Amino acid sequence: MDVAIDILLSSIRMATPLWFAAMGGLIAERSGVINLALEGFMLIGAFTGAAVAYSFGSPVLGFLAAGLGGAVLATVFGFFTLSLRGDQVVVGMGINLLSVGLTPFLNKYF
């Protein structure tokens, strides 16, 4: 019985970031934005936070950098879709592909 409770609590803990992304996607969909780049935002934010926390030895600074990294990429998404009138699906998939390729590449340097 104790193992089942541990598995349940671990599942809730591990699913929390996905739940937050799903809630952000739901709010974006309700406002009329098709945001497929949520995974890319999370990936770049996590990488930025880990790299800054490792480089400076400060988890708080890493936490702030993670939010800033995701926000910068969200700004890029907004610029391409709003200012340049790009298709939201194409820009979102491009950001996802950029994030998936950029993080292992930058991981060699941090």
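Let me start with tyrosine 109, which in this predicted model has a relative accessibility of 60% and therefore counts as exposed, since the cut-off for that word is over 50%. Its ring pairs with the ring of phenylalanine 105, and because the two planes stand at 75 degrees to each other, with the ring centres 5.6 Å apart, we call this pair edge-to-face. Phenylalanine 105 itself is partly exposed, as its relative accessible area comes to 46%.

That pair belongs to a set of 4 aromatic pairs in the structure, and another one of them joins tryptophan 19 to phenylalanine 20, where the centres lie 5.4 Å apart and the planes meet at 55 degrees, so this pair is described as tilted. The label edge-to-face would need an angle over 60 degrees. Phenylalanine 20, with 53% relative accessibility, counts as exposed.

Now please turn to the pockets. Rolling a probe the size of a water molecule over the atoms shows where empty space is left. The largest pocket in this model has a volume of about 290 Å³, and among the residues that line it you will find Phe41, Met42, Phe63 and Ala74. Which elements give two or more residues to this lining? They are helix H2, which covers 38-56, and helix H3, which covers 59-83, and of these H3 gives the most, with 6 residues.

If you sort the lining of the largest pocket by class, you will count 7 nonpolar residues and 3 polar ones, while charged residues are absent.

Note on methods. Residues are numbered from 1 along each chain as its sequence is written. This is a predicted model: local features need pLDDT of at least 70, side-chain atom pairs count only at pLDDT 80 or more; totals for chains, interfaces and linings use all residues. Side-chain values use heavy atoms; hydrogens and water are left out. Rings of Phe, Tyr and Trp (its six-membered ring) pair if their centres lie within 6.5 Å; planes under 30 degrees apart count as stacked, over 60 as edge-to-face and the rest as tilted. Buried means under 20% relative accessible area, exposed over 50%, partly exposed in between (1.4 Å probe, protein chains only). On a 1 Å grid over the protein atoms alone, a cavity is a set of points where a 1.4 Å probe fits but cannot get out, and a pocket is an open set with protein on both sides within 12 Å along at least five of seven lines; lining residues have an atom within 4 Å of a point. Grid points are joined across faces, edges and corners, and a volume is the space filled by probe spheres set on the points. Helices (H or I, at least four residues) and strands (E, at least two) are DSSP runs, numbered from the N terminus. Ala, Val, Leu, Ile, Met, Phe, Trp, Tyr, Cys and Pro count as nonpolar, Asp, Glu, Lys and Arg as charged, and the others, Gly among them, as polar.
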